[in-house]
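Good morning. Please look at the structure as I speak.

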Amino acid sequence: MSPVQTQKRLITNMKKLSKEDLSRFTRHFSLSEVGHEGQVRLKNSRVLVIGAGGLGSPLLIYLAAAGIGKIGIVDNDTVSISNLQRQVLYSSAEIGSKKVEVASRRLYGLYPEIEIETYDMRLDEANAEDLMRHYHVVADCTDNYRTRELIGRVSARLKIPLVFASVLNYEGQVTVFNYRGGPSYDSLYPQVPKDGIYNENEIGLLGVLPGIAGTLQANEIIKIISGYGKVISGSLLVFNISDNRFNLFRIP
């Protein structure tokens, strides 16, 4: 089932563009591959973002700004001072606040017509499928190998496109799984690493890196939904910001 078919299956009442939308998205209308029809698809789409940290912050901002109709946010963390180096959704005044609550307020400020569903919880075996089945696209913005495997497994079973990214030090990776018969997560990562998890507070990470990766994720989601461009299904984009190398590697 293609993303457009999945979208039609999940939409019960097609939303039309409002008068404000017609003014807000004029630059999209000028793009022949997006246009009015692509913007309607964006407004009627549902995207689940798992993780509202370094990757999730820019991703959420650009999805809301693009006019995504509904965004689900899964995160049970609070804002800490060490987050602010890279998690651009939050400010010093919001330290100690729930990330999903702060993110929700920020996104409504960007696009008042958006619908936000917040899930102040950790994703696990008991809730993953029930959460994902209501969305057209899932974005993996986590840093936990076991959770990534769970997201990959469940999204493949439900045949939902999964937009994946990971970052470490100066290097990032981005790809799309489960897209039009393309590879799934276990094609690239057949086994969970033995350590199971790494703590982002214990590794080096330049703040702009997840910003770049999260923005690339947003671009792939907009491609999948609106129909513009070439989705990077079947390939892994690997980039290094220390020397500006960007390479695409085929996923077997």
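I begin with Tyr 189, which is partly exposed at a relative accessible area of 25%; buried means under 20%, exposed over 50%, and partly exposed in between, with a 1.4 Å probe and protein chains only. The model is predicted, so local features need pLDDT of at least 70, side-chain atom pairs count only at pLDDT 80 or more, and totals for chains, interfaces and linings use all residues. Residues are numbered from 1 along each chain as its sequence is written, and side-chain values use heavy atoms, leaving out hydrogens and water.

The rings of Tyr 185 and Tyr 189 form a tilted pair, with centres 5.1 Å apart and planes at 35°. Rings of Phe, Tyr and Trp (its six-membered ring) pair if their centres lie within 6.5 Å; planes under 30 degrees apart count as stacked, over 60 as edge-to-face and the rest as tilted. Tyr 185 is buried, at 6% relative accessibility.

The whole structure holds 7 aromatic pairs. In one of them, Phe 164 and Tyr 189 have ring centres 5.8 Å apart and planes at 55°, so this pair too is tilted. Phe 164, at 1% relative accessibility, counts as buried. Ring pairs join Phe 164, Phe 177, Tyr 185 and Tyr 189 into a cluster.

I turn now to the second largest pocket. What is the make-up of its lining? The lining residues comprise 8 nonpolar, 3 polar and 2 charged, where Ala, Val, Leu, Ile, Met, Phe, Trp, Tyr, Cys and Pro count as nonpolar, Asp, Glu, Lys and Arg as charged, and the others, Gly among them, as polar.
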